Amino acid sequence: MKLQKIGFIGLGLIGGSIAKRLRILHKDLVIIATAGHAATIEAAYKEGLTDNASPCELSDFYDCDYIFLCTPVQKNMEYLRLLKGHVCDRCIITDVGSVKTDIHREVTALGMEAQFIGGHPMAGSEKTGLANAREFLLENAYYILTPTAQTDPAALKDFKELVASLGAIPMVLDYEQHDYATAAISHLPHIIAYSLVNLVKSCDDCEGTMKTIAAGGFKDITRIASSSPVMWENICLSNQEQILRLIDSFCGELGHMRSAIAASDSKALMEAFTSAKDYRDSLTLHANGTLKQVYELYMDLLDEAGGIATVATILASNHLSIKNIGIIHNREFEDGVLHLEMYDSESLAAAITLLKKHHYTIYER
Ligand SMILES: NC(=O)C1=CN([C@@H]2O[C@H](COP(=O)(O)OP(=O)(O)OC[C@H]3O[C@@H](n4cnc5c(N)ncnc54)[C@H](O)[C@@H]3O)[C@@H](O)[C@H]2O)C=CC1
Ligand SMILES: O=C(O)C(=O)Cc1ccc(O)cc1
């Protein structure tokens with residue numbers, strides 16, 4: 001399907017990343033957008049991402065092939081209501097929200113099932129805004145699609161192709177199944193991270209001893225507590241039922257741990273830790289059972305002669321071999337991005353530390 005016009009409502013981390021990739025793939029595509037702040041659209045226009053220089057009106061979305069709703073989940077539902085009756089028949093409205101049941105119920109209530117395909121890229125970070133959007137953000141990530149009972153199979157096929165062109169892996173799921181799974185693997189972990197940080201904050205002494213000595217483990221498990229509060233408030237309100245279910249199960253798990261520790265039950269502790277370790281260690285195994293881990297980083301590369309040679313020399317002189325290297329030449333008004341693939345996790349970690357020491361900006365996935 002030849003894409004002509006795509007609209008974005010919300011142009012932050014996710015909307016911006018999708019738009020950037022589409023701009024690279026389809027130079028002639030008309031991309032229009034609106035966002036919470038006019039400055040976002042001005043910036044997007046300046047970098048050649050959007051065709052409009054100020055936030056567009058909802059009526060401008062009428063003849064889009066696709067409209068991506070990329071605001072916090074509850075705002076997406078408001079926009080869906082506003083769009084009803086104001087888009088042409090062939091337009092597919094999709095969203096990137098982290099919760100799907102709520103918006104599907106709204107779609108049904110509005111009678112928009114034939115025009116809506118839910119979506120959720122399983123990629124992102126704790127960062128927000130267009131400034132952090134990257135065209136490769138969805139690379140190799142699952143992108144969950146939740147069609148409705150009235151989705152035209154041809155429209156679903158086209159949308160799958162679009163998702164695949166973003167570098168993502170489309171996966172169709174039932175929306176309720178999606179919300180239970182994401183409550184477990186994404187929503188609960190964010191709530192635990194936020195709670196853990198608040199716990200430490202309230203337990204710390206006046207000198208901030210805990211904050212000072214907080215080491216890798218605490219930082220690893222709480223990185224996501226730096227995520228957008230508005231986004232997570234919206235997610236908790238939209239996926240309330242499944243999140244409460246998972247919080248209760250988690251309290252049960254913590255209770256088992258507590259009992260085992262209180263009873264000095266080494267066997268129970270060893271069983272719990274070993275079983276969790278085995279499962280966690282197996283996460284890098286993909287569905288087909290092959291080890292598909294890629295040890296890669298992306299970094300900003302100054303547009304100067306010898307830029308790659310300098311990076312290669314820094315790594316080689318520290319005995320770090322590069323498996324794959326390439327420049328992504330597509331941000332017209334910015335410096336290039338260098339993609340590096342290393343052989344294993346240790347070399348990747350060492351390369352990141354080394355390159356950061358040399359003041360390069362690194363983007364880890
Ligand atoms: N951050 C992440 O890692 C992921 C987020 N998501 C979902 O993607 C959606 C967007 O999240 P991000 O891009 O991370 O957020 P973001 O904060 O980076 O961007 C949100 C965008 O929505 C706009 N916006 C907010 N309220 C608005 C309003 N009332 N009218 C118009 N625009 C408004 C903001 O101006 C901004 O452009 C959310 O629904 C979230 O659940 C999905 C996958 C990953
Ligand atoms: O930062 C991380 O590791 C995330 O987990 C990002 C994320 C946040 C929300 C989603 O719906 C999907 C992915």
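Biologist: To begin with E5, how many of its residues are buried?
Modeller: Six of the six residues of E5 are buried, and the strand is mostly covered. A residue is called buried if 20 or more other C-beta atoms lie within 10 Å of its own, exposed if 12 or fewer do, and partly exposed in between, with C-beta atoms placed from the backbone. Strands (E, at least two residues) and helices (H or I, at least four) are DSSP runs, numbered from the N terminus.

Biologist: Which residues lie on each side of E5?
Modeller: Phe116, Gly118 and His120 are on one side, Ile117, Gly119 and Pro121 are on the other, and all are buried.

Biologist: What should I know about the model and its numbering?
Modeller: This is a predicted model, in which local features need pLDDT of at least 70 and side-chain atom pairs count only at pLDDT 80 or more, while totals for chains, interfaces and linings use all residues. Residues are numbered from 1 along each chain as its sequence is written, and chains are lettered from A and ligands numbered from 1 in the order in which they are written.

Biologist: How many helices and strands does the chain have?
Modeller: The chain has 13 helices and 11 strands. Its radius of gyration is 22 Å, close to the 21 Å that the globule rule gives for 365 residues, so the chain is as compact as a globular protein of that length. That radius is taken over C-alpha atoms, and the rule is 2.2 Å times the number of residues to the power 0.38.

Biologist: What share of the chain is buried?
Modeller: Of the 365 residues, 31% count as buried. The C-alpha atoms fill a box of roughly 65 × 55 × 50 Å along the principal axes.

Biologist: Back to the strands, then. What is their order in the open sheet?
Modeller: Seven strands form this sheet in the order E2-E1-E3-E4-E5-E6-E7, with mixed pairing. Two strands pair if DSSP finds at least two bridges between them. Strand E2 (30–34) and strand E7 (169–172) are the edge strands, each pairing on one side only.

Biologist: Which way does E5 run against E4?
Modeller: E4 and E5 run parallel and are joined by two bridges. Thr94 has Ile117 of E5 as its bridge partner.

Biologist: And how many bridges join E6 to E7?
Modeller: Four bridges join strand E6 (residues 142–147) to E7, and these strands also run parallel. Tyr142 stands opposite Ile169 in E7.

Biologist: Which strands does helix H3 touch?
Modeller: Helix H3 (residues 73–83) packs on the sheet and touches strand E1 (5–9), strand E3 (66–69) and strand E4 (92–95). Its direction makes about 150° with that of E3. Axes are lines fitted to C-alpha atoms, for helices over the stretch in contact, and angles run from 0 to 180 degrees between N-to-C directions. Contact requires C-beta atoms, placed from the backbone, within 7 Å.

Biologist: Is Glu78 of that helix buried, exposed or partly exposed?
Modeller: Glu78, which lies in helix H3, is partly exposed, with 14 other C-beta atoms within 10 Å.

Biologist: Let us turn to the ligands. How many residues surround ligand 1?
Modeller: There are 29 residues around ligand 1, and the closest are Gly10, Gly12, Gly36, Gly124 and Thr128. A residue is near a molecule or strand if its C-beta atom, placed from the backbone, lies within 6 Å of it. Helix H1 (13–25), H3, strand E5 (116–121) and helix H9 (229–238) each supply at least two residues of this shell.

Biologist: How do those residues divide by class?
Modeller: The shell around ligand 1 has 11 nonpolar, 17 polar and one charged. Ala, Val, Leu, Ile, Met, Phe, Trp, Tyr, Cys and Pro count as nonpolar, Asp, Glu, Lys and Arg as charged, and the others, Gly among them, as polar.

Biologist: Which residues surround ligand 2?
Modeller: Ser98, Met122, Gly124, Ser125, Glu126, Ser186 and Ile224 surround ligand 2. By class, two are nonpolar, four polar and one charged.

Biologist: One last topic: what is phi at Ser264?
Modeller: Phi of Ser264 is near 50°, a positive value in a residue other than glycine. Most residues other than glycine have a negative phi. Ser264 is in the loop between helix H10 (240–262) and helix H11 (266–281), and is exposed, with 8 other C-beta atoms within 10 Å.

Definitions and conventions: Two residues are in contact if their C-beta atoms, placed from the backbone, lie within 7 Å.
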